Amino acid sequence: MLLGPSGCGKSTLLRSVNRLVVPQSGTVYLDSEDTAEVDPVQLRRRIGYVIQAVGLFSHMTVADNIAVVPSLLQWDRARIAARVDELLDLVGLDAKRYRKRYPRELSGGEQQRVGVARALAAQPPVLLMDEPFGAVDAIVRASLQDEIARIAQHLHTTILFVTHDVNEALRLAERIVVMRDGRVEQYDTPLQIVSNPATPYVRQLFALDEEERRFDSLRASLAQRKT
């Protein structure tokens, strides 16, 4: 999780991974490969990307939206169809009901699920998620958080997730990067950050007015991973 307030550099750092932002210095590696040495189009086809606005193509069905990258990679039709059905099942949508629908026929939560399915379609080793659940209500947000935690455990995909929500970070993260003004304040496990904040800023960010509730959330997240 990349955690911090608006404007601290979270999304900029995230987008440097798929070269939507080109770093002025430093190196980004994907599977030990310098991404600056890779064609950006080919690079992005290896990286899933989910944003808050979803960005589904309105003129395309759910199935066609999910099939975009596999089609570009010239998968055969049977393989694409099977992958679409597999992913709809993975994100909790019935393929028979949803594959022929258009984005306008979906709720906000359903659109986000399709967005996740599309990002996973070509089996990328890395999934980038930029405030993906920020535009949905609290109940749907909690459901989507549960879904992405289940998917991460099932697929063993590396997920880099941007959020400004401390509770979301504690609920989902294995590691948290706390950012402020373009700099990393602390990088550690959720438990270590909560119990041993590295700077006054981190301590303030994780000020636990509702300490017991947040620890309960953290315990539930750890218990879920163990099961």
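Which element gives the largest share of the lining of the second largest pocket?

Modeller: This is a predicted model, in which local features need pLDDT of at least 70 and side-chain atom pairs count only at pLDDT 80 or more, while totals for chains, interfaces and linings use all residues. Residues are numbered from 1 along each chain as its sequence is written, and side-chain values use heavy atoms, with hydrogens and water left out. The largest share of that lining, 5 residues, comes from β4, where strands (E, at least two residues) and helices (H or I, at least four) are DSSP runs numbered from the N terminus. A pocket here is an open set of points on a 1 Å grid over the protein atoms alone, where a 1.4 Å probe fits and protein lies on both sides within 12 Å along at least five of seven lines; lining residues have an atom within 4 Å of a point. The second largest pocket holds about 440 Å³ of space, a volume being the space filled by probe spheres set on the points, which are joined across faces, edges and corners. Of the 21 residues that line this pocket, R44, I47, Y49, V69 and R118 are the closest to its centre. At least two lining residues come from each of α2 (40–44), β4 (47–51), α4 (68–72) and α7 (108–120). Turning to the sheet, 6 strands form an open, mixed arrangement in the order β4-β5-β6-β1-β7-β8, with two strands counted as paired if DSSP finds at least two bridges between them. Both β4 and β8 (183–188) stand at the edges with a single partner strand each, so one side of each is left without a neighbour in the sheet. Elsewhere in the sheet, β1 (residues 2–3) runs parallel to β6 (residues 158–163), joined by 2 bridges.
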